Amino acid sequence: MTSKNRIFLDALKRENNQEYVPVWLLRQAGRYLPEYMKIRSQYSDFFQMIKKPEVCKELTLQPLQRYPLDAAITFTDILTIPDAMGVPVEFISGKGPVFGNSIRNDNALKLNPDGALKKLDYVFEATSLIKANISVPLIGFTGSPWTLFVYLFYGESPKNHNELNNYLENNLPIAHSYLEQLTEIIKDYISAQIEAGADCIQIFDSWGGLLDEKYEELSLNYINQIASSIETNIPVILYTRDKLIDDIVNLTPIKCFNLDTSDSIDNHIDKDITIQGNFDPKNFHADNEVLKEMAQTVWTKYKDKQNYIFNLGSGLTPDVNPEKVEYFLNQLSSFRS
């Protein structure tokens, strides 16, 4: 990997000494891309598609072929782990993930760790394939134990949070048991991704914002256990949605944070941590002149920062025009060339 292609990793280690803003995007491969939708239309089920390593490789490469990006992220899903532990997941159009069972419907729901890692071989095979076909660093990822627990509790994306709060009040030791089981398999899952070629790991705590005073106990505690199990030369990025990182940054060994759109880069950029994210993907609906100004602002403010990576505060959605994304990224790239 050339020094130019290592800039993303250098920034994660707060060592980007070049006048260059590294870039990657949350959900940079996905439904907003027509080339993605062409492949997706060939499969009735999302999980059927992502269990094919060659297809995941192709989907991962699509945005790299369109945009000047400095990292790839393996095309897979955070719900691979519950599926491998015996709770099948189906993606239903207009509803999202729907599980074959849930904790709220079955108080005795069992997770089966036996052979689960072997069932995830398709992720590791895809990781190796992708790594062999890119010249930029590769990001592996996982959902946090808490986020996976929330999905397992509801059996779908959560809606009525009172149900979960009531469950925690009456079943906290059982909740911790689930979190412990998920933590142990996530450790192995991440380790296998790294062995297959992942250069860094992003942990998605997508439902961390549901927790207030219990956030450290029920989420960050387990995230920290995972982070501490990872080789020290592998950077770890934490993305906690709907929570300001002021509440987190001094309670974790993690030094890289993906901000959502509610936080502010400028509140954190001068700290001894790496910051990425915060840019609202809705900005891509602006006209080109506004996008050019936004790109200029990003470049002017952060081109000399050793610890900044351009990214989004949430994932790209199907209503985003990829040509707008391309225009913005080409503008940003033109300043650094």
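The model is predicted, so to speak of local features requires pLDDT of at least 70, side-chain atom pairs count only at pLDDT 80 or more, and totals for chains, interfaces and linings use all residues. Residues are numbered from 1 along each chain as its sequence is written, and side-chain values use heavy atoms, with hydrogens and water left out.

**Helix α4 with helix α7**

- Helix α4 (residues 53–66) and helix α7 (residues 121–131) cross at roughly 50°, and their axes come within 8 Å; helices here are DSSP runs of H or I with at least four residues, strands are E runs of at least two, and both are numbered from the N terminus.
- That angle makes α4 oblique to α7, a word for whatever is left after under 35 degrees (roughly parallel), over 145 (roughly antiparallel) and 65 to 115 (roughly perpendicular).
- The α4 and α7 crossing is right-handed.
- On the α4 side, P53, E54, C56, K57 and T60 make the contact, and they meet Y122, E125, A126, L129 and I130 of α7; contact means heavy atoms within 4.5 Å.
- Sorted by class, this contact of α4 with α7 holds six nonpolar, one polar and three charged residues.

**Helix α11 with helix α12**

- Helix α11 (residues 288–302) packs against helix α12 (residues 322–336) at about 40°, with the axes 9 Å apart.
- α11 and α12 are therefore oblique to each other, and α11 passes α12 in a right-handed crossing.
- From α11, the contact draws on N288, L291, K292, M294, A295, Q296, V298 and W299, while α12 supplies K324, Y327, F328, Q331, L332, F335 and R336.
- The α11 and α12 contact has nine nonpolar, three polar and three charged residues.

**The largest pocket**

- Elements giving two or more residues to the lining of the largest pocket are α2 (34–40), α4, β2 (89–92) and β3 (96–99).
- The lining of the largest pocket divides into 21 nonpolar, 14 polar and five charged residues.

**The second largest pocket**

- The second largest pocket has a volume of about 280 Å³.
- Of its 15 lining residues, T232, I234, P235, V236 and P253 are the closest to the centre of the second largest pocket.
- Nine nonpolar, two polar and four charged residues make up the lining of the second largest pocket.

Methods
Axes are lines fitted to C-alpha atoms, for helices over the stretch in contact, and angles run from 0 to 180 degrees between N-to-C directions. A crossing is left-handed if the near helix is turned anticlockwise from the far one by less than a right angle, and right-handed if clockwise. Ala, Val, Leu, Ile, Met, Phe, Trp, Tyr, Cys and Pro count as nonpolar, Asp, Glu, Lys and Arg as charged, and the others, Gly among them, as polar. On a 1 Å grid over the protein atoms alone, a cavity is a set of points where a 1.4 Å probe fits but cannot get out, and a pocket is an open set with protein on both sides within 12 Å along at least five of seven lines; lining residues have an atom within 4 Å of a point. Grid points are joined across faces, edges and corners, and a volume is the space filled by probe spheres set on the points.
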